[in-house]
Amino acid sequence: LKEGFDVVFYAGKKNDYIKYMITLSELKGKTACIDIDNTLSDVNTELKKRGYDISIYPHPELNEEFWKSPYGKQLLSAALPIKNTLRLVQSLKNAGCNLVFATSRPPVLAGITYDWINKNIKPLWQKNSVIFTKNKTALNADIYVEDDPFEILRIIKANKAVFIPRWP
């Protein structure tokens, strides 16, 4: 890469590339809210390895108490980052966005969440930029990166832009 040029990641449809680039060009100084679980952190793969049916959403066994258990915490810690989303988030940062990471995890999991971030995406975040919330639209970000279908609908209803990672 030549000095002075930013890396931009795009993995969408060819016809949408220009819209994507225009969106990025308009984001300098704006806030991007990035979800963690199954957007940045591949929790689903860890669940599948352990025999959970991830086609059920929300899964009744995977409640807040499950995630607070030692087994749930270990699963969250073991999840690998999703490379395509990391590239997208880097593009947002390169475009001049302020990055905020949001999760619906209970706040009691803050330590595990910060450890995972430090291990996997440290260059992309700053301390205190992780928010624990059940309603990400309440953050009033300018753009969102989200995988949860219910949260995506809430974001769209709030008339906000959302990037949705591709999942099988």
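The legends below describe close-up views of one predicted protein model.

Residues are numbered from 1 along each chain as its sequence is written, and side-chain values use heavy atoms, with hydrogens and water left out. Because the model is predicted, local features need pLDDT of at least 70 and side-chain atom pairs count only at pLDDT 80 or more, while totals for chains, interfaces and linings use all residues.

**Figure 1. The secondary structure of the protein chain consists of 7 helices and 5 strands.** Helices (H or I, at least four residues) and strands (E, at least two) are DSSP runs, numbered from the N terminus. From that end on, the order of the elements is α-β-α-α-α-α-β-α-β-β-α-β. The chain has 168 residues, of which 42% are buried. Buried means under 20% relative accessible area, exposed over 50%, and partly exposed in between (1.4 Å probe, protein chains only). Contact means heavy atoms within 4.5 Å. Among contacts between residues at least 6 apart in sequence, 67% join residues at least 24 apart.

**Figure 2. The largest nonpolar core has 30 residues.** A nonpolar core is a set of buried Ala, Val, Leu, Ile, Met, Phe, Trp, Tyr and Cys residues joined through side-chain atoms within 4.5 Å. In soluble globular proteins, nonpolar side chains tend to be buried together. The members that touch the most other members are Ile34, Leu40, Trp67, Leu92, Leu99 and Phe101. At least two residues of this core come from each of several elements, including strand S1 (31–35), helix H3 (64–68), helix H5 (83–94) and strand S2 (98–103). H5 gives the most, with 4 residues. Neighbours within four places in sequence aside, Trp67 is in contact with Val43, Leu47, Leu62, Gly72, Lys73, Leu75, Leu76 and Leu109. A second, separate core of 5 residues includes Cys33, Ala141, Tyr144 and Ile155.

**Figure 3. Helix H7 (residues 149–157) has the buried residues Glu151, Ile152 and Ile155.** Seen down the axis of H7, these buried residues fall within an arc of 105°, so they line one face of the helix. The arc is that of the directions from the helix axis to the C-beta atoms. An α-helix has 3.6 residues a turn, so residues three or four places apart point the same way. The buried residues of H7 pack against S4 and strand S5 (161–163). At the N-terminal end, Asp148 caps H7, with a side-chain oxygen 2.7 Å from the backbone nitrogen of Phe150. H7 is followed by Asn159, whose phi is positive, near 60°.

**Figure 4. The largest pocket holds about 910 Å³ of space.** On a 1 Å grid over the protein atoms alone, a pocket is an open set of points where a 1.4 Å probe fits, with protein on both sides within 12 Å along at least five of seven lines; lining residues have an atom within 4 Å of a point. Grid points are joined across faces, edges and corners, and a volume is the space filled by probe spheres set on the points. Of the 31 lining residues, Asn38, Tyr57, Trp67, Ser104 and Asp148 are the closest to the centre of the pocket. The elements that give two or more residues to the lining are H2, H3 and H7. H7 supplies the largest share, 4 residues.

**Figure 5. Asn38 lies in the loop between S1 and H2.** Asn38 is buried, with a relative accessible area of 10%. A polar contact is a pair of N or O atoms within 3.5 Å; within protein, one must be able to donate a hydrogen and the other to accept it, and residues adjacent in sequence count only if both atoms are side-chain atoms. Polar atoms of the Asn38 side chain lie 3.1 Å from the backbone nitrogen of Val43 and 2.7 Å from the backbone nitrogen of Asn44. Although Asn38 is not a glycine, its phi is positive, about 65°.

**Figure 6. A cis peptide bond joins Tyr57 and Pro58, with omega about -10°.** Pro58 is placed in the loop between H2 and H3. Most residues other than glycine have a negative phi, and most peptide bonds are trans. Asn140, in the loop between strand S3 (130–132) and S4, has a positive phi of about 55° although it is not a glycine. Asn140 is exposed, with a relative accessible area of 52%.
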